[in-house]
Amino acid sequence: MSYMYLAAEKGDITTIIGGIAPNWGPFGSLGNEARVMIEVVMAVAILLCLGIAIWGAAKQRIGATALRDTFSAEQGKGLIVAGLTGVFIIGSLGTVFTIVYGMAV
């Protein structure tokens with residue numbers, strides 16, 4: 001229990017944003033404004049992907065139960081997978097860039 005308290009004590013907004021923002025290895029020479037713009041674009045893209053996944057879940061649920069429409073339910077499953085895949089890809093871009101940059105150096 002005390003470990004969770006200590007972890008919460010250290011957290012701030014930079015910890016949360018740091019999970020989305022890439023490690024700036026290859027882009028270290030970018031200006032501060034460019035970095036913020038990239039972080040904002042990544043955050044908006046993640047929100048859009050989560051929105052697609054939520055829309056897919058709603059479409060899957062409504063199609064499967066209320067309308068008994070199997071085509072709509074299958075479309076919903078596809079949207080869920082696409083949205084969550086997009087979140088994973090965008091979230092891992094920073095790691096991929098860092099690995100590729102490290103291998104090149």
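Residues 36-58 are 100% helix and 0% strand. According to an unreviewed UniProt entry, a "transmembrane region" covers residues 36-58, and another covers residues 79-104. UniProt positions follow the numbering used here, feature names are shortened, and annotations may be inferred rather than shown by experiment.

The model is predicted: local features need pLDDT of at least 70, side-chain atom pairs count only at pLDDT 80 or more, and totals for chains, interfaces and linings use all residues. Residues are numbered from 1 along each chain as its sequence is written, and side-chain values use heavy atoms, with hydrogens and water left out.

The mean pLDDT of the protein is 75, and 68% of the residues score at least 70. This score is the predictor's confidence in each residue, from 0 to 100. Helix H3 (residues 32-66) has the highest mean pLDDT among the elements, at 84. Helix H1 (residues 2-10) has the lowest, at 52. Over residues 1-5 the pLDDT is below 50. Beyond near neighbours in sequence, that stretch has 0 contacts in the model. A contact means heavy atoms within 4.5 Å. Where pLDDT is low, the predicted coordinates should not be read in detail.

The secondary structure consists of 4 helices and 0 strands. Along the sequence the pattern reads α-α-α-α. Helices (H or I, at least four residues) and strands (E, at least two) are DSSP runs, numbered from the N terminus. Among contacts between residues at least 6 apart in sequence, 46% join residues at least 24 apart.

Of the 105 residues, 16% count as buried. Buried means under 20% relative accessible area, exposed means over 50%, and partly exposed lies in between (1.4 Å probe, protein chains only). The protein exposes about 7,700 Å². Carbon and sulfur atoms supply 73% of that area. Accessible areas come from the Shrake-Rupley method with a 1.4 Å probe; for residues, only the protein chains shown count as cover.

Alanine 43 is in helix H3. Alanine 43 is partly exposed, because its relative accessible area is 26%. Alanine 58 also belongs to helix H3. The C-alpha atoms of alanine 58 and alanine 73 are 9.1 Å apart, and the two residues are 15 residues apart along the chain. Alanine 58 has 33% relative accessibility, so it counts as partly exposed. Isoleucine 62 is a further residue of helix H3. At 46% relative accessible area, isoleucine 62 is partly exposed. Its C-alpha atom lies 8.2 Å from that of serine 72, 10 residues away along the chain.

Serine 72 itself is in helix H4. With a relative accessibility of 9%, serine 72 is buried. Leaving aside neighbours within four places in sequence, serine 72 contacts Lys59, Gln60 and Gly63.

Helix H4 spans residues 70-104 and includes valine 81. Valine 81 is exposed, because its relative accessible area is 53%. The C-alpha atom of valine 81 is 9.3 Å from that of isoleucine 52, and the two residues are 29 residues apart along the chain.

The structure holds 1 salt bridge. Such a bridge is a side-chain nitrogen of Lys or Arg within 4 Å of a carboxyl oxygen of Asp or Glu. The side chains of lysine 77 and glutamate 74 form a salt bridge, at 3.4 Å from N to O. The two residues are 3 residues apart in helix H4, so about one helical turn separates them. Lysine 77 is partly exposed at 40% relative accessible area. Glutamate 74 is partly exposed at 48%.

Phe88, Ile89, Leu93, Val96, Phe97 and Val100 make a nonpolar surface patch of about 540 Å². Patches are made of residues with over 30% relative accessible area and no salt bridge; like charges are joined within 9 Å, and nonpolar side chains (Val, Leu, Ile, Met, Phe, Trp, Tyr) within 5 Å. Isoleucine 89 lies in helix H4. Its relative accessibility is 45%, so isoleucine 89 counts as partly exposed.
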